[in-house]
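Work through the exercises below with the sequence and the model in view. Try each task before reading its solution.

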Amino acid sequence: MSYSKLPELFPEEKAMPLAKYYYGYPMKDLTEELKRKIFGPPMSAEDAVKPENFLDWLKPCGEYEKEENGYCMLADGTGYVCTYMKIPESIDPKKIFWYLNWLNVHSKSMVPGHGNLRYKI
């Protein structure tokens with residue numbers, strides 16, 4: 001699987017000023033190792049971080065005991081997905097909160113019935 005081809009926007013979305021950000025930046029593809037973990041066979045359920053140990057999800061990269069990326073089904077039938085996203089040091093909490101707010105607030109120019117273009121970006 002590759003992220004080099006983006007899904008097409010609806011014509012109404014293409015007419016929006018934000019569409020330039022959807023098509024204007026190249027998408028960086030995942031490494032082959034990460035693709036194998038995400039799209040390959042499930043990880044062992046024993047390697048999953050249990051809900052009662054949720055603070056383990058806050059460990060820095062490389063400090064997880066077993067898997068940082070993968071998926072599986074737990075014994076109780078719960079689906080489990082873990083992905084570790086490295087955030088550059090130049091991204092501070094203020095920028096993260098700005099982005100989360102921008103992402104989730106629909107602007108008046110959003111096209112009804114086609115989802116959130118900001119999320120697609």
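This is a predicted model: local features need pLDDT of at least 70, side-chain atom pairs count only at pLDDT 80 or more; totals for chains, interfaces and linings use all residues.

Residues are numbered from 1 along each chain as its sequence is written, and side-chain values use heavy atoms, with hydrogens and water left out.

**Exercise 1.** Find which residue forms a salt bridge with K120, and state where the two partners lie.

Solution. 
- Step 1: A salt bridge needs a side-chain nitrogen of Lys or Arg within 4 Å of a carboxyl oxygen of Asp or Glu.
- Step 2: The partner of K120 is E13, with 2.8 Å between the closest N and O atoms.
- Step 3: K120 belongs to helix 5 (residues 117-120) and E13 to helix 1 (residues 11-14), so the pair, 107 residues apart, links distant parts of the chain. Helices are DSSP runs of H or I with at least four residues, numbered from the N terminus.

**Exercise 2.** Classify E32 and K35 as buried or exposed.

Solution. 
- Step 1: Buried means under 20% relative accessible area, exposed over 50%, and partly exposed in between (1.4 Å probe, protein chains only).
- Step 2: E32 has 52% and is exposed, whereas K35 has 12% and is buried.
- Step 3: Salt bridges with shared partners join both residues and D29 into one network.

**Exercise 3.** State how many residues of helix 4 are buried.

Solution. 
- Step 1: Helix 4 has 12 residues.
- Step 2: One of these 12 residues is buried, and the helix is hardly covered.

Key: Helices (H or I, at least four residues) and strands (E, at least two) are DSSP runs, numbered from the N terminus. The expected span of a helix is 1.5 Å times one less than its number of residues.
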